[in-house]
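The following paragraphs lead through one protein structure, element by element. Please keep the sequence and the three-dimensional view at hand while reading.

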Amino acid sequence: MNIPKVSFVIHCFNEIRFIEKTLESIIDEADEIVISDNASTDGTSEVCKKWAEKYKKIKYIFYEGYSDTEERWASIFDQVSGDYVRYIGAHDLVSKGSTQSLLNLLQNDPDAVMAYSKNVVHLNSDYFWTSSYKITEFGKDLETSSPFVRVRSMIEKKQNWWSMLYGIYRAEIFRVLFEYNVHSTFKNIRTDHTILAIAASKGKMLADDKSIFYLMHQHPQETYAITLQRYAKIFTPTELAWPFAYTSEQYRLACDMQKWKDAPPDFAKDIINILMERLLWIIKTTGFPLALEKLSSIVLPEKMEIFAQFLQTFFEYQNKEERNEIFKTEICTGLNPKEQLDFSSASIILPLLLEITSELTSAIDFGCGKGLWLSVLRYLGVEKVHGIDDSLVNKDVLKIPQDRFTVARMDKDVFVEEKYDLALCLNVAERLLEKSAIILVDSLVKASDIVLFSAAVPFQIDAIDINQKWLDYWNLLFRAKGYVGVDCLRKKIWHKPDVSMPYKQNIMLFIKKDKLNTLKVPKDTICDEFPPMNLIHPDNFLGLFNRGNVIGTIYFDTGKGFNENEVFRFGFNINQKYVYQEVGLPAKVQAVRFDPVEGFRCIVSNIEIMSMQGPVQYEVPNGFVYDSRGSIVFDTTDPQILIRDVSEASLLKIRYKIVEFDISRHFQLSDFLKNNTNKEIRSTGYLRLIKKLARSVLRLGKR
């Protein structure tokens with residue numbers, strides 16, 4: 001049986017203070033130690049020679065004249081004879097038995113190319129412990145069988161890569177990694193992070209929780225940004241080329257991997273966006289000068305083409321980001337948080353839509369609000385846009401030109417003079433009666449062969465519940481018009497934090513059948529034989545049932561009394577200081593019932609109900625007012641506030657505060673109010689008495 005041989009590689013320059021301790025740390029761990037001395041002048045060479053004379057396993061190579069060229073690095077490989085190679089700094093240490101522990105991992109998994117210590121201890125120059133950490137941010141990403149997952153994770157989450165570099169590699173992989181580095185785009189600049197990214201492309205990278213790596217680090221508490229700023233003060237423009245070096249090499253790696261047979265279609269695009277964003281951040285954080293003439297002077301001639309492509313990509317990304325910032329500033333001015341999330345959703349979803357149809361030149365939005373989605377389309381190059389909404393929209397706050405906005409009711413047949421490439425109808429259909437929703441669908445298909453559609457499903461939080469239906473209901477309506485559902489967006493945005501939950505859960509495309517062949521629609525997303533999946537997003541589910549999240553309800557009476565078919569439910573957290581809701585009223589509404597919270601006895605205060613005309617009067621059929629602020633005690637799990645006069649109102653703004661949630665604490669107070677003060681509740685004396693009593697009961701309850 002062949003016993004595997006492990007070679008350690010050390011590259012050093014003027015390490016007289018540390019080299020001996022490093023050798024003491026690894027002498028029993030290695031079968032071979034190769035030391036490359038880059039012309040040390042401080043006595044390091046004498047120490048290394050002494051150790052080489054004592055131990056035959058040590059090969060010491062001294063180079064005359066300092067040179068940090070990659071060729072000098074490559075010359076080490078000719079001296080390495082081990083089956084496995086471990087690279088280590090001339091001032092770092094390893095724990096006893098760590099090499100065997102790492103070796104066991106590699107031998108047990110033939111698909112793995114390297115293993116590293118998960119536990120890292122930072123030492124200062126006096127070998128005192130300064131900090132420690134575990135490398136956990138990669139999870140199991142680096143151990144998967146997919147090279148694309150491994151490389152993306154390695155590039156995207158690169159916080160602790162330098163300690164990972166000092167792991168153990170299969171010898172044949174070690175040579176490939178460093179040879180790739182030797183032939184990098186830049187002269188004399190090692191790109192260590194690129195070595196790990198390439199390793200991830202070659203095979204699994206395993207984390208060992210038993211061993212410890214001791215990394216000498218002079219600034220262990222520094223953030224990455226502070227480290228970069230410190231480098232910017234002491235490095236020359238040429239020395240500052242290393243961010244471009246490792247970014248351009250990973251750019252090259254992503255482009256190469258995109259050519260692989262099983263590469264995901266957007267792999268290189270995603271990696272390049274990550275790299276461009278990081279490089280732009282580095283430049284902004286540090287003020288690194290680009291110094292292109294300096295950079296060009298250290299680019300290898302045969303690599304100028306790839307570097308030129310890299311720079312062009314970076315400048316395009318930089319210009320795009322600058323345009324994005326200007327655009328976001330202009331559009332987001334005056335938006336509330338909900339509208340900002342809607343804008344963010346449009347910014348993520350619409351580029352995905354444009355990947356399906358490259359010939360999108362015009363769009364119309366039914367229920368456009370301020371025109372946020374249309375403004376994003378204009379930014380993306382769709383110049384011809386038009387928005388339709390009711391008279392409640394203030395034209396002065398539109399994000400599209402006013403001459404591209406038409407006032408119309410969505411529950412009527414909307415006449416559109418011409419056909420558009422795209423029609424949008426987002427979170428509008430559930431606000432209409434069922435017969436009106438059918439009219440809306442008819443208007444949409446007259447307006448375009450492609451409809452981007454989203455509507456609330458039953459029991460969805462923060463949605464008006466007049467006509468909440470599952471997606472297969474809408475699919476049937478569009479199908480009757482010769483349209484096919486396409487569910488190609490939800491999967492791509494399901495986990496996006498900057499996309500609003502209703503879109504993640506409900507957004508669909510409905511496309512005219514004879515139009516499908518002209519679009520880049522994945523066949524497995526076409527809902528032809530089967531209706532689209534009715535899904536509940538976890539955010540919606542948790543919004544309904546999570547601890548601390550509760551539901552309020554607004555009922556509309558349009559002549560049928562208050563019922564479950566005409567209702568708006570919204571969610572909020574019990575720790576929320578104030579609850580605020582703005583809701584449009586259906587046509588022919590006669591009265592509104594507002595339930596501040598479902599399923600709790602509570603005290604509600606600071607109630608404000610406003611319409612466009614001013615404050616709205618309300619009644620409290622099952623609660624008791626007990627102070628001058630109008631605070632109301634509800635000794636019922638179905639608290640209700642009644643608003644009768646809404647004939648002139650088209651919009652209600654409701655604001656209130658839940659002072660206390662409790663199922664038992666306020667029994668005594670409520671019973672007292674009902675049994676003893678029901679008739680005299682409005683008298684000033686009783687109000688003072690009750691207020692005093694209420695405070696006493698609340699204090700007792702809190703104890």
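Y127 is found in the loop between the strands β6 (112-123) and β7 (129-134); helices (H or I, at least four residues) and strands (E, at least two) are DSSP runs, numbered from the N terminus. The phi angle of Y127 is near 65 degrees, a positive value in a residue other than glycine. Most residues other than glycine have a negative phi.

The model is a predicted one, in which local features need pLDDT of at least 70 and side-chain atom pairs count only at pLDDT 80 or more, while totals for chains, interfaces and linings use all residues. Residues are numbered from 1 along each chain as its sequence is written, and side-chain values use heavy atoms, with hydrogens and water left out.

Helix α5 comprises residues 147-156 and is mostly covered, with seven of its 10 residues buried. Here, buried means under 20% relative accessible area, exposed means over 50%, and partly exposed lies in between (1.4 Å probe, protein chains only). The buried residues of α5 are P147, F148, R150, V151, S153, M154 and I155.

Helix α14 (residues 337-356) and helix α15 (residues 372-379) pack at an angle of about 40 degrees, and their axes lie 9 Å apart. Axes are lines fitted to C-alpha atoms, for helices over the stretch in contact, and angles run from 0 to 180 degrees between N-to-C directions. The two helices α14 and α15 are therefore oblique to each other; angles under 35 degrees count as roughly parallel, over 145 as roughly antiparallel, 65 to 115 as roughly perpendicular and the rest as oblique. The contact, meaning heavy atoms within 4.5 Å, is made by E339, D342, F343, S345, A346, S347, I349 and L350 of α14 and by L372, W373, V376 and L377 of α15.

The next element is a sheet. Eight strands form an open sheet with mixed pairing, in the order β12-β11-β10-β13-β14-β17-β16-β18; two strands pair if DSSP finds at least two bridges between them. At the edges stand β12 (405-407) and β18 (526-527), each with a single partner strand, so one side of each is left without a neighbour in the sheet. Strand β11 (residues 384-389) is joined to β12 by three bridges, and these strands run parallel. Within this pair, I388 stands opposite T406 in β12. Helix α15 packs on the sheet, where it touches β10 (362-366), β11, β13 (422-426) and β14 (450-454). The direction of α15 makes about 145 degrees with that of β13.

N427 lies in the loop between β13 and α16 (434-447). Its phi is near 55 degrees, again a positive value in a residue other than glycine. Is N427 buried or exposed? At 18% relative accessibility, N427 counts as buried. Leaving aside neighbours within four places in sequence, N427 is in contact with S454, A455, P502 and Y503.

Finally, P615 belongs to strand β24 (residues 614-615). P615 is exposed, with a relative accessible area of 67%. Not counting residues up to four places away in sequence, P615 touches I609 and M610. The C-alpha atoms of P615 and K653 are separated by 9.4 Å, and the two residues are 38 residues apart along the chain.
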